Amino acid sequence: MQSTSLLLAAFFLPLFPMSIVFNFVFQRASSAWIRVPVLLVWPLPGLWLLESDSSQIGDTLVLWALLTSILYSFRTVVVKELSVWTGFIATSAWSLLWTAVYLGARFDDLMMHAFAFSLPLALLAILVARLERQYESAYAGVVTGLAQEQPRMTGLFVVVMLAVIGSPLFPSFFSLLSNINNVVMVMPSIAFAIVLVWLLWSWSGIRLLHELVVGDPAVIQYEDISQSMAMLFILSFFLLVAGGLYMSEVML
Amino acid sequence: MSLSIGMKAEIRSLIFVAGETIPLFWPMRSFIHHNPLQGLEKLSFKDAIAEGEKLFHGRGFLHRNIYQRYYNEEKISHQSLSFLVEKFLSQHEPIAGIDIHSWLMALLTKVESPLTVDDSRCTNSLASSNDIAAVIRGEELCESSQPDVDALTQKLCGSLLNNSPLYERLDSLFDTEIGEELDELVIKSCLNFFDEGQSAWGMPNRKDGFFSAWREVSFRNLGILFKGRRICEILEVSEDPEGIIVYVMERLNIPKERWMSYFRRELSVLHGWAGFIRWRSNARHYFQGVQHPGDLVDFLAVRLTLALALIDDRARKGIPSNLDELQAFVKKHPMQACLRHQLYGRTINPRWAQKVEQAILTDNAKKIDELGLSHMQDKRVRDATILAKSVSRLAECANAEQGLKTIPDENLSSLLFIIRDLEQQEGMIWLEAMEATAIDKLLNAFQDTAPVSSDKRPFVQALFCIDVRSERLRRHLEGVGDYQTFGIAGFFGVPVSFVELGKGTEAHLCPVLLTPKNLAMEMTVNEFQDSVAFTVMEKAVHKLKETILSPFVTVEAIGWIFGFDMVGKTLAPRKYNRWRSGLHQHKPHTHLLIDKLSRSKADSIVRAVQRAVVAQAIELEFEVPPERIKDDLVRELREAALGHDLVTPLLLEQLKLDNDQARSFIKRLRKTYHINPYDARMQMERLGRIGFSLEEQVVFVSQALHAIGLVKNFSRFILVVGHGSQSENNPYESALDCGACGGNVGEFNARILALMANKPAVRQRLRNQGVNIPDDSWFVPAMHNTTTDEVELHDLNLLPSTHPIYLDRLRGNLVAASRLCAQERVPSLDFISDLPTADNADKQALRNAMDWSQVRPEWGLSRNVYFIIGRRSLTKTFSLDGRAFLHSYDYRVDSKLLLLENILTGPLVVGQWINMEHYFSTVDNDHYGSGSKVYHNVAGRFGVMTGNLSDLRTGLPAQTVLADGRPYHEPMRLITLIEAPFDHVVNAIYRVSSVKRLMHNGWIRVLIRDPQTGLTHIYSNGDWQEYHAPDNPDMVKDQEALAL
């Protein structure tokens, strides 16, 4: 594989320090209309580039990808701004795709892995953008007490967050599980790194939920998400779960 | 560190004074309603609320929107509110061209949220009135000059460096989260030490006291060592709690003159635990307190030690570790401190949070200062815009939009000042308006006619507790037949310590203000076995659940039994509980031992006990069968042990002991078996407490009858009705029992009074006093179950043979009154099934009492508002909707004021505690109440916590005072009305200092209805005034609920 292609792939399936570019772009884009396509599309060129010749990915690159993933997942633990957190989780998750490529996953499967991470993140981005519209920022801890103020929104938030951090039945869970499954016997250190990343996501995700959902609500009361919008989200949750179950059939 | 005795005493007295503001917390087995701000009752109600906000962070009034709802429902009259606003305005200069009264009325009644008053989420406004005026006129805001850094530093130092604990200030500047961690460690330490049998393993060395036991464990407690690595060094400093306290305060550089306020703040953080420890250390009769002593000095030493260890731990990362370092930091970096304070205090605008966090992390002073300035400018514009918008909306509500745009700056400034002042005082304005409306409604409902006295002997006279729940039953009972009812504190004036059958401890059946001198015991002639098979099995299963390993096996082996229990309790609670109660042994008929023992009788009992103990000792130590232990030997040994006779030939002969062995055994008898003169004296003293002398019985009965004005025309039946509640799975059960009986059921007090009053000797003496109780009058004790409204008669086996013939009629009337009561009360409760009908209300109530998932078995004393001391004829003709404490009182039989003084000292003060407990639990259930029951867990068997770890929750749960998150209880101060001549009442009040203080400081509202002049007087603004209730033509008196 050409080094240029690799460099480009490291840009789209972000490896540190190229990941800074993605996070810079993502944080500058304040609208959900931009963030959602970015989250869905950004990793795809990287996958195409890697898919053309995966044999060139050596141990060093995989190690680099895992370190990037751990680094960003570790950073999510202290981040409270939800848009920044979304970007960091996306970076951490997409870096893990290098492992899947390294293990020789088919292109279709790689796409499934990518969407398994990106779709919940896209849903999260929509909710975060809504919060930013209302509070001018989605900084957990300063924005608190969402459960009392917007119970519907909170419910959606909790489920989306669970989907993002790889809770059972959601596609990200099966994606992580299949990666671990494929590698645990041959290279347990990689499996350990993935588990560590997974743990850090869960820790930071639940911490954010705690800061955002409980506590005193804001002085100014904002309207809760509409019922129709909530129904759309619930429908998408069902689709995600269906996708997850399909992945469990295909990959496990 | 070794402290002088003087220094130790000084520390103890500082903590004693600091702890006085902490409300006492009684174990929940006998829940005592109390005023959460009891320690602040020396202040006026308004000032105490402000102090309470500082100490406990609790609100003192409802939110405005709830008062507005009351206003719209006419529970607050327009007239009262308008009058109070007018009164408020009399303190301010009028503003030319503005009808300020309309503005303020519009503000209070039409605008939901306060405009100016900061709440916990807002910081002080940076916008000036010129800024607001500019925004209203649509002008650009002029550029602000640079902020005054010195002023900023000073302001910040003022708010940061007040009396709050150092770690709180560090948390708000460095996000160190020490406070949270510290609370967790302190709570765990308290749970370990104060546990009363919930834990399988107890903390070691608890008899040495809280601090000593905790100190020993802390040297090897990994949980603590992990979080505060330097704790061992701190603990090495001193073995005494006082020494540690001094060391920590000196290390933190807290000036000595501020120690007491610092201690007060520390104690108020976990005021539930502090209140429990404070109560416990003063409760001399409390067994656990004697066994495992601990006081506030220990508690504070533990807390301060842990706090210092955590601060030291964080200080390794470079944050200040004492007050001086913190002050230096703030002075050196005022802008950074300001931004940190807003960010970590969660008061910053969310838009700035990320930028400020990043700037702080970069630690670039110039960048931080620039960011701080931009942030302040943005805040100023934002504040001005928000306030201008609010003022415009207010102008719209007051129909003064046009005037607002042309208002001069100075007038706008005055207007904003008045609005700000009103919003600071509005809680009191709303409260007083609400109380005035409630007073008007009560006075309008009173009969103006003088009470009609009748010489006809009623079928039954009934003495009920003054509890608000008795009002309904009394009203219905009076409605169904020829009944005369009276209200008296539910302990019926007999303070008694009581030992129930099968229980080994004394319960004080009287208000907590009193300490009973006499002891009564429940006894049975039947053989009472505490444990039949089912009870034993139940206990065994509970034991299995509580140990460490057995639950794993238990679940597998007998888990299905619990499933059976669960299905039964959930699906058919009434039937299942009836069936299940059949499995338990029923309590046999019992007698109460209430007569004093003569000295010879007591002596004989002590001797009998000593002989039995000596016989047991011989049997145990020498394995002699009982039949071989002769009376002579026992007598000889007893005499020897008591030191009366030193020769023990039978002992040597029958037990084959030599002299040394005999001496050693006698020594053991004295020491181990307590056969010695001292213990004998103690036993005699204890036996001396049992029962009441004839004189005492006469005094108690006479006092009770005189207090309610029942001194002639006695009926055939005189019911003495105590009350209690019934609920399942409810740690707050005793909160629903009788407060006058110390949170216990009133059954035993009723039985004791009835026994005394039925005694011929007592009646003879009463006759000499002019109280002639006819021979055919019989006092019958009864129990009113406030959850089911049932009334059960007791001690019917003692009834004279002339009375049973009337029992059917009595029972029939009681059942009718109970059913009517249930029909009135039950619809206000939540039910799983449909709303109850007249036919099934009593069944629904019964189900409610047995349903283990029911979080609100009854409303208890919720909605209490009145305390009426006077004759029943005053309130008999209308319903008080279960909202009034009714104490019968006839001033004509109390020329010396003693009876009224007694009512004021005991029942009224208890009523005020109950009222204030409900008031504060309603206005701020999170801080003064105990939150939702759903999340409660029993802690140590004496309290509840929210979740798995929290402060002990004091106050009432949300389900007792709120319905669907909104107040069910209408929080008002107790409106006390006394029916008696004006001078008579005033003299009595001024002789009871506690009540005088409550009245002066506005903790109760006192009214006097003078039956001689027909005038009503109210104590207001430090003086007595005549009160004239406005006529209300819409008021329908008879039988209409006072839906206030």
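In the predicted model, B:T976 stands opposite B:V1006 of strand β17 of chain B. Strands here are DSSP E runs of at least two residues and helices H or I runs of at least four, numbered from the N terminus. This is a predicted model, in which local features need pLDDT of at least 70, side-chain atom pairs count only at pLDDT 80 or more, and totals for chains, interfaces and linings use all residues. Residues are numbered from 1 along each chain as its sequence is written, and chains are lettered from A and ligands numbered from 1 in the order in which they are written.

Strand β16 (residues 974-979) pairs with β17(B) in the parallel sense over 6 bridges, pairing being defined by at least two DSSP bridges between two strands. On β18 (residues 1016-1020), which pairs with β17(B) in the antiparallel sense over 3 bridges, B:I1018 is the bridge partner of B:L1007. The hairpin of β17(B) and β18(B) has 6 residues between the strands, and B:G1014 within this hairpin takes a positive phi near 75 degrees.

Because 6 of the 6 residues of β17(B) (residues 1004-1009) are buried, the strand is largely enclosed by the rest of the structure. A residue is buried if 20 or more other C-beta atoms, placed from the backbone, lie within 10 Å of its own, exposed if 12 or fewer, and partly exposed in between. B:I1004, B:V1006 and B:I1008 lie on one side of β17(B), and B:R1005, B:L1007 and B:R1009 on the other.

In helix α29 (residues 631-641) of chain B, the buried residues include B:L633, B:L637 and B:A641. B:D631 and B:D632, on the other side of α29(B), are exposed.
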